[in-house]
Every structure is written in structure tokens, then in C-alpha cells.
Amino acid sequence: MGDLRSTVIEGYEAFAPISRELIEEARRCFPGGDTRMSAHYAPYPLFVERAAGCRLYDADGHALVDFMNNFTSLIHGHAFAPVVEAVIEQVQRGTAYAAPTRSQVALAQLIRARVPSVEQLRFTSSGSEATLMTLRCARAATGRQKIMKMEGAYHGSYELAEVSLVPRPDRCGPLAAPHPVPIDASIPRSALDDAVICPFNEPALARALIDRHAHELAAVIVEPVLASMGMIPATPEFIAALREATARHGTVLVFDEVVTLRVSHGGAQAWYGVTPDLTAMGKIIGGGLPIGAFGGREDLMRVFHPDEREPVMHASTFSGNPISMAAGFAAMDALTPDATQRLNALGERLRAGIGAAFARHGIRGQATGLGSLANIHFTDAALASARDSLAGVLRSGHVNQLLHLEMLKRGVASAARLMYCTSTAMGDEDVDFALAALDDALKSLLPGIEKEKPELLV
Ligand SMILES: Cc1ncc(COP(=O)(O)O)c(C=O)c1O
């Protein structure tokens, strides 16, 4: 018997030999075999052939219950009938026109009705563009340059949005004034200079930082749940502090609800009872197709008005394309308050069951999250920030990765970083299936953990 890592990886390779062949071909086309870094994991990801409801079907013939849902975007699971019908209907009438459509207005009205802070909005093709446009709006409206972002927050695939995404302990600096940490060597100095990094869930420190930088701060952007760094919800006190301090200084408060819009019928802002100035959205509002949207106070959105003397430029060929509009409307229309409540109950069941499974095996672990969002952590320490989350990941080392592979082998798909979300295509039985798989996976990892990572035992 080899070490834990080689035993698990050998088992995974035996489970997915066809995906292994396919990745070899893909590696000739793409660096590392994948066209999207976030979907990659070692030793290689499963190739998916099709999906329906809450199940993925991979190239090796397995069915997996999908708790990843394309990084939380598929709120109704895969091939949801109303979305499929809406897409087919629209495709037959053309895929994109450089012209306004009734479908844009219909989806915009639906969003405005649910999220009252969004008085006016614009569509984009991705959440990345949506957050970017909120920052451009804030800069144009305030005449200020800098952006405050939270340590560990991800706002998309561009330079500023990825500063301090991973607050590496050797580089992140003091908690009261964290250093901007580039995610990689591509980040220009200018992006670091434009960023003011705020520690998450530290209301007093956040207030002090906003006060100190107020004269140069165009916007404060916050994910109400720190999603990619482990689904850590903001405390209400933290959100309230950001609202109070930004309002006092005329700094634009932006909620990045690309992930969190799903937590209640009116998004995380309704859940927290706080009204941001601008909101970025994406993922679920496209019903599984590419989309983003940003909007908020009408006086701020005015900067995009074509009648302005120098309107802020906002274009992009596929913004507001009719297929995403049709799919998004079908998905959002079916997402009633009852559906959201059921989805959140499934999330609650999942998080509670994860905690219980770790406790049963005497392994330090827990699930964080809010509503239908969850993340597994191999630590029983309190998790309030990206630094906490990262410390847990560093301490558990390869065990995170091995649990992910063991869950795939047992028919449960999640993000490799152990992020889970529920979909309306699931029932209690699907959550219980995942919990039984977790129980079995932890049982099989336990002897290796005892030998190689005893610090993870209670
Ligand atoms: C909180 C948050 N904001 C923005 C984005 C960017 O959205 P997209 O991937 O659609 O560009 C993401 C993507 O995962 C996200 O999680």
C-alpha cells in the first residue's frame, strides 16, 4: 500500500480511463489540457458527455450528482425543460441581433422587481464584465480612482478583480492594512496601486480604511459571501459598516451578487437588509447561458446614457443576446420564493450533514455557506475570513484534493475546492446520497489521515 495520495490517484485513474485518454489529446490543444483554469484539477478532470437534471454523465459512463452546477450558475440543474424550450424557440428566430429586443426588457423588468436597488441596469456577457462596469461607473461618477476590494474576494477574470484573491501568508501584510497581492506575474503594478485591500469581516478596520482612503476611493466592492475563498458569509455588522462608511464619504458601494443572488428572492442584499448603490449579477440570471448584468441607482447609471456629453463606453458584441435573455427569463421566472426556500433547505441539510459526517469520523471539518451555497473545510476553527480559510487549506494540504477525487469516484461532483451548491432539480434523497458518499469517503481516507495528517484528527 502506497501513500495516501498515490493510492487515491491510482483509484481515480482506474475509475476514469477514458477521460485520461481524452486529456492526452486535449493537452495537445490547451495548456494543461483545459481551456478554463477553474475547471481543471489534478490528475485530470472528468470529461462530461451530457447532463440532465441534477446529473452529469461522464465519458467513462458514470452518472454523478452535480453539486457544482457550473460554479453555481445552473439553479435548476441541467437541461431544465422551460429553459430548453425557450432556447429552441429563440434559436429558430435568430441567435443575435444588434438591436433591442422585448426579451431584454422582460428580463430587466423581472430583475428590477426582485432587486429594488436596481433602478436601471445593463446586460453583459459575463459576471466579469458586470463587476468591471460597476467599477467604471463608480470612477466616472465620483472622479476618484481607487477601488477597495476584500481580501480573498473574486470578481472575475481581469487584473484588479484578482488582486489579493489568495492572501498568501508571506505576502499579505498586516490585517489592519493588507498588502495588495498579485495573483500571478501578469498583474501590472498599476492594478496593485489602484487597489485598497480590506480584511473581510472586520467592521472597525474596514471603517478605518474607508475613512483613510475616502478622498481617492471611487467604490467599495464586496461579495456578501466570500465565494471562491470558501463560502464565508459576511456578518451583518460588517455589511452595515461598509454601508455606513461609504455613504458618509460618497463612495459607491457595490455588491457583487454574481454568486449570492440565489440566497434569497431579492439576493443577498434582501437577506442582509442593506441597499447597495450598484449590483453586479451573472450566473443564475442566464439560465445556464453566458450572461452578466450590472445596475443600481438611476443617477449613477446615468453615466452610460447616450445623451451624456461623455457617456461611459459600454458595448460588447453579445451583451443582451436574445438566447441568454430567453433562457434567463425562463429560469428566473421558475425561481419562485417557494423554490428558493426549498433550495435553501437542501443547502441547510447538506451543511448540517457534512458537519455530522466529520464529527462521526473524528476528523476536524465543517461546512460553511449560506442558503444553497456550501464549502467543506478540513478545520474546526472558526472561519470568518480568507486568511482563516487559507490557513485551513494549507494545514490540510493534499487531503482536500483527495476528498474531491474520492467523492467523484462515489458519484458526487463538486468544485475541486470542495464548493457545493444545491439546485431545484435535487431532492432530499440527492443530498442524502452525497452525505452517504462523504461518510464513505472519509472512512476510506481515515487510515491515511491518521498516518500522514494526524493534526486533522479531533
Ligand atoms: C463573485 C463572482 N463575481 C464575478 C464572477 C465572474 O463571473 P464570470 O465567470 O461570469 O465572468 C464570478 C465567477 O465565478 C464570481 O464568483
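This is a predicted model: local features need pLDDT of at least 70, side-chain atom pairs count only at pLDDT 80 or more; totals for chains, interfaces and linings use all residues.
Figure 1. A polar side-chain atom of Ser 128 lies 2.5 Å from an oxygen atom of the ligand. An oxygen atom of the ligand also has a backbone N or O atom of Gly 127 at 2.8 Å. In the side chain of Asp 256, an N or O atom is 2.6 Å from a nitrogen atom of the ligand. The protein buries 81% of the 390 Å² that the ligand exposes when taken alone.

**Figure 2. The residues around the ligand.** Sorted by class, the shell holds three nonpolar, five polar and three charged residues.

**Figure 3. Packing of helix H8 on helix H9.** H8 covers residues 203–213 and H9 covers residues 236–249. Their axes are 9 Å apart and meet at an angle of about 15 degrees. H8 is therefore roughly parallel to H9, since angles under 35 degrees count as roughly parallel. The crossing of this pair, H8 and H9, is right-handed.

**Figure 4. Packing of helix H4 on helix H12.** H4 is formed by residues 81–91 and H12 by residues 322–334. The two helices pack at an angle of about 155 degrees, and 8 Å separates their axes. H4 and H12 are therefore roughly antiparallel, since angles over 145 degrees fall in that class. H4 passes H12 in a right-handed crossing.

**Figure 5. Packing of helix H1 on helix H15.** Residues 4–15 make up H1, and residues 399–409 make up H15. The angle between the helices is about 30 degrees, with their axes 10 Å apart. This angle makes H1 roughly parallel to H15. The crossing of H1 and H15 is left-handed.

Figure 6. Most peptide bonds are trans. Pro 43 sits in the loop between helix H2 and strand S1. H2 comprises residues 17–29, and S1 comprises residues 48–52.

**Figure 7. The positive phi of Asn 70.** Most residues other than glycine have a negative phi. Asn 70 is not a glycine, yet its phi is positive, at about 40 degrees. Asn 70 is part of helix H3, which spans residues 69–72.

Terms used
Residues are numbered from 1 along each chain as its sequence is written. Side-chain values use heavy atoms; hydrogens and water are left out. A residue is near a molecule or strand if one of its heavy atoms lies within 4 Å of it. A polar contact is a pair of N or O atoms within 3.5 Å; within protein, one must be able to donate a hydrogen and the other to accept it, and residues adjacent in sequence count only if both atoms are side-chain atoms. Accessible areas come from the Shrake-Rupley method with a 1.4 Å probe; for residues, only the protein chains shown count as cover. Ala, Val, Leu, Ile, Met, Phe, Trp, Tyr, Cys and Pro count as nonpolar, Asp, Glu, Lys and Arg as charged, and the others, Gly among them, as polar. Axes are lines fitted to C-alpha atoms, for helices over the stretch in contact, and angles run from 0 to 180 degrees between N-to-C directions. Helices (H or I, at least four residues) and strands (E, at least two) are DSSP runs, numbered from the N terminus. Angles under 35 degrees count as roughly parallel, over 145 as roughly antiparallel, 65 to 115 as roughly perpendicular and the rest as oblique. A crossing is left-handed if the near helix is turned anticlockwise from the far one by less than a right angle, and right-handed if clockwise.
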